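This report covers helix packing and salt bridges in one model. Please view the sequence and the structure first.

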Amino acid sequence: MATVEAAGVRGPAWRGGFGRLWSAAVLSSFGDALRTAALPLLAVTLTDDPLLVACVAACGYLPWLVFGLLGGAVADRVDQRRAMWTVDAVRGLLVAGFAVAVALGHASIGLLIALAFALTTLQTLFDNAATALLPSLVDRAALGSANARLMTGQRVAGGLLGGPVVPLLLTAGAAAPFAADAVTFLVAAALVASLRAGAPERKPRPAGSTLRREIGEGLRTLARDRVLRGLCAATALCNIGMGALIATLVLLVTGWLDAGTAGYAAAMTAYTAGSLAGGAANRRLVARVGAVRAVLVAGVAQIAALLVMGSVRSLAALVAAMAAFGFMGLVWNVNTTTLMQQRSPAEMLGRVSSAYRTLAVAGAPLGALLGGTVATAWGSNSPALLTAAFFVLAVIALIPVRKPDVPVVVPDDGATTAHVHR
């Protein structure tokens with residue numbers, strides 16, 4: 001492992017594998033942004049049924065609910081580096097085949113839905129394996145900085161660079177964004193395959209151990225840790241609200257504010273810019289208040305931003321609120337991920353990660369339905385206020401775990417976890 005000292009806080013060195021993992025993650029995010037932007041554009045040329053178009057997006061959630069826990073259990077059984085590059089290679093081949101189908105005029109809405117479902121299903125294994133692999137590449141004291149750099153790089157590649165490139169690629173044909181995405185998957189697979197990271201030491205599995213039992217162990221480990229339990233509950237509540245906000249934000253901007261598509265683009269750009277600033281400032285905030293309290297501060301600040309979004313009828317106010325929301329959103333994401341990595345047993349990190357992610361994302365589809373219902377009943381600004389209410393509940397859930405030095409309950413298998421630093 002390699003780390004560097006900066007202002008008394010450890011940060012990850014680019015050598016020792018982290019640089020290649022970062023490059024692979026950022027390149028994949030760029031490719032994901034190309035595909036994510038191109039898929040709905042292609043979908044509307046294949047069908048005028050809104051439900052079928054929505055099914056393409058829904059497949060981005062459904063595999064996590066169905067296979068998320070299984071992906072974490074598998075990630076703890078296998079060599080995580082090998083799992084990651086194999087998954088990326090398979091995804092690259094799938095997208096390449098899809099690009100050929102588009103180029104030959106054989107694309108269909110059913111093929112789009114199948115592709116979206118398959119890619120996200122494979123992602124459940126990739127993301128859990130990546131979360132479990134990072135602690136073997138950097139020191140645990142540097143995990144916060146490593147996660148911040150990863151998420152910031154991904155936000156730059158996906159939020160700032162990927163979207164604007166799609167119209168340029170489309171001039172070369174409808175298949176071009178998918179061909180480019182396939183290339184990013186294959187190059188990322190090669191970068192991950194070149195890593196020299198050993199798998200964590202694992203105790204032999206007890207006789208008769210099954211994936212179902214191992215998934216249960218991951219859920220119980222998450223439930224026993226007061227900090228992780230509180231963070232998971234808070235994130236789940238936030239994601240219900242986020243589902244409502246994301247589903248209706250375009251209505252708030254183009255309807256309630258009457259700011260048009262330019263206003264919507266300005267709001268999303270402000271969110272991305274705020275996220276980048278949050279990634280840069282996170283280390284200093286954590287050094288001052290600690291990781292758990294940084295999440296609490298982020299939640300309170302996001303409540304204020306949401307109240308502005310839902311009550312101040314001004315595009316300038318919305319842009320400022322979205323920037324603050326993005327800033328604190330990245331602080332939240334970096335520190336919840338870091339705390340999960342620090343507090344989980346190394347040999348169970350895939351399962352704990354999958355339990356956390358699956359429970360946290362489960363409420364997003366419900367939130368989207370709530371957002372549409374509330375917007376219909378009380379106006380397109382009301383989902384932002386509903387989201388603020390869910391964030392208030394999330395902050396309340398965090399209050400009992402604001403002291404990060406709570407000892408971790410030792411799992412039944414005798415594994416121990418690291419204590420979270422103040």
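## Basis

The model is predicted: local features need pLDDT of at least 70, side-chain atom pairs count only at pLDDT 80 or more, and totals for chains, interfaces and linings use all residues. Residues are numbered from 1 along each chain as its sequence is written, and side-chain values use heavy atoms, with hydrogens and water left out.

## Packing of α3 and α8

Helices here are DSSP runs of H or I with at least four residues, numbered from the N terminus. Helix α3 (residues 62–77) and helix α8 (residues 211–224) cross at roughly 100 degrees, and their axes come within 9 Å. The axes are lines fitted to C-alpha atoms over the stretch in contact, with angles from 0 to 180 degrees between N-to-C directions. The two helices are therefore roughly perpendicular, a class that spans 65 to 115 degrees.

On the α3 side the contact (heavy atoms within 4.5 Å) is made by Leu 69, Leu 70, Ala 73, Val 74 and Arg 77, and on the α8 side by Leu 211, Glu 214, Ile 215 and Leu 219. Seven of these residues are nonpolar, none is polar and two are charged; Ala, Val, Leu, Ile, Met, Phe, Trp, Tyr, Cys and Pro count as nonpolar, Asp, Glu, Lys and Arg as charged, and the others, Gly among them, as polar.

## Burial along α8

Glu 214, Ile 215, Gly 216, Gly 218, Thr 221 and Leu 222 of α8 are buried. Buried means under 20% relative accessible area, exposed over 50%, and partly exposed in between, with a 1.4 Å probe and protein chains only. The buried residues of α8 pack against α3, α9 (226–256) and α13 (349–361).

## Salt bridges

The whole structure has seven salt bridges, each a side-chain nitrogen of Lys or Arg within 4 Å of a carboxyl oxygen of Asp or Glu. Arg 351 and Glu 217 form one of them, with the closest N and O atoms 2.9 Å apart. Arg 351 is in α13 and Glu 217 in α8, so this pair ties together parts 134 residues apart in sequence. Arg 351 is buried at 8% relative accessible area, while Glu 217 is partly exposed at 24%.

Arg 343 and Asp 225 also meet in a salt bridge, at 2.9 Å from N to O. Arg 343 belongs to helix α12 (residues 315–343) and Asp 225 to the loop between α8 and α9, 118 residues apart. Both residues of this pair, Arg 343 and Asp 225, are buried.

Methods. Angles under 35 degrees count as roughly parallel, over 145 as roughly antiparallel, 65 to 115 as roughly perpendicular and the rest as oblique.
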